[in-house]
Amino acid sequence: MIQCFIFDLDGVLVNTSIYHFRAWQKIALQLNIPFTEADNERLKGLSREDSLQTLLQVGGMSIGQEEAEALLNQKNRIYLDLIAQIDESAVLPGVRIVLSRLKQSACPLVLASSSKNAKFVIQKTGLEDFFNEVVDGHQISKPKPNPEIFLTAAFLAGVQAKNCLVFEDAAAGVKAAKSAGMRCIGIGEKEPLKEADFVFSDFTRFSPEILFELYRSV
Ligand code: B16
Ligand code: MG
């Protein structure tokens, strides 16, 4: 039985993934690393630190701690500049309707994002009031694909992991949800999300009513 809905943020609820990509592209350019949208798929859902390490791997490079710190700060400054004007229009199609409908159920809604900017983003986009709890990059020590973020979300909601349903757009996030023993719906392209129970291209294709159908035999 599903008793709690857990939502990733970037790429699931809001269109900020493109701004993370653009910010990493600038860093990649500076480091002379060719960095494509396909390479970026590997960064989705990862913490800022793990994203930088993955980018360096793509370029076959290694750097010292001090330079890494400087690049992480620079990436975040670029990202914050890109989202400085973010508002309700960044909310992805169908999201507000689904959140409103799920909010009418007795189940808690929890945000679980790797981003340290998650609270800022949900405030600016008007999504904050939908959530009973928020877990962000500040509260976790082992980032996705480790299940810690989702287990923390379940703990805060007071619901067992097996009764949680996670919505994710990143392979690392789907892995984290499945490792936590949760059900998971992928939002986006089928191939990178193949470990999810079901995949929808976006929330306009999804309605709370089909949940019962989907999980009847699971
Ligand atoms: P920040 P999510 C993740 O958010 C993004 O998918 C990922 O691209 C980003 O590196 C990570 O947050 C950390 O974000 O640099 O803002 O702390 O998808 O888990 O909501
Ligand atoms: Mg995401």
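User: What makes the S113 side chain a polar contact of ligand 1?
Analyst: An N or O atom in that side chain sits 2.7 Å from an oxygen atom of ligand 1. A polar contact is a pair of N or O atoms within 3.5 Å, so this pair qualifies. Keep in mind that this is a predicted model, where local features need pLDDT of at least 70, side-chain atom pairs count only at pLDDT 80 or more, and totals for chains, interfaces and linings use all residues. Residues are numbered from 1 along each chain as its sequence is written, ligands are numbered from 1 in the order in which they are written, and side-chain values use heavy atoms, without hydrogens or water.

User: Which backbone atoms lie by an oxygen atom of ligand 1, and at what distance?
Analyst: For S114, a backbone N or O atom is 2.8 Å from a ligand 1 oxygen. For L46, a polar backbone atom is 2.9 Å from one. The protein buries 97% of the 460 Å² that ligand 1 exposes when taken alone (Shrake-Rupley method, 1.4 Å probe).

User: Why is C184 called buried?
Analyst: Its relative accessibility is 0%. Buried means under 20%, exposed over 50%, and partly exposed in between (1.4 Å probe, protein chains only), so C184 is buried. C107, at 18%, counts as buried too.

Note on methods. Polar contact = N/O pair within 3.5 Å; in protein donor to acceptor, adjacent residues only side chain to side chain.
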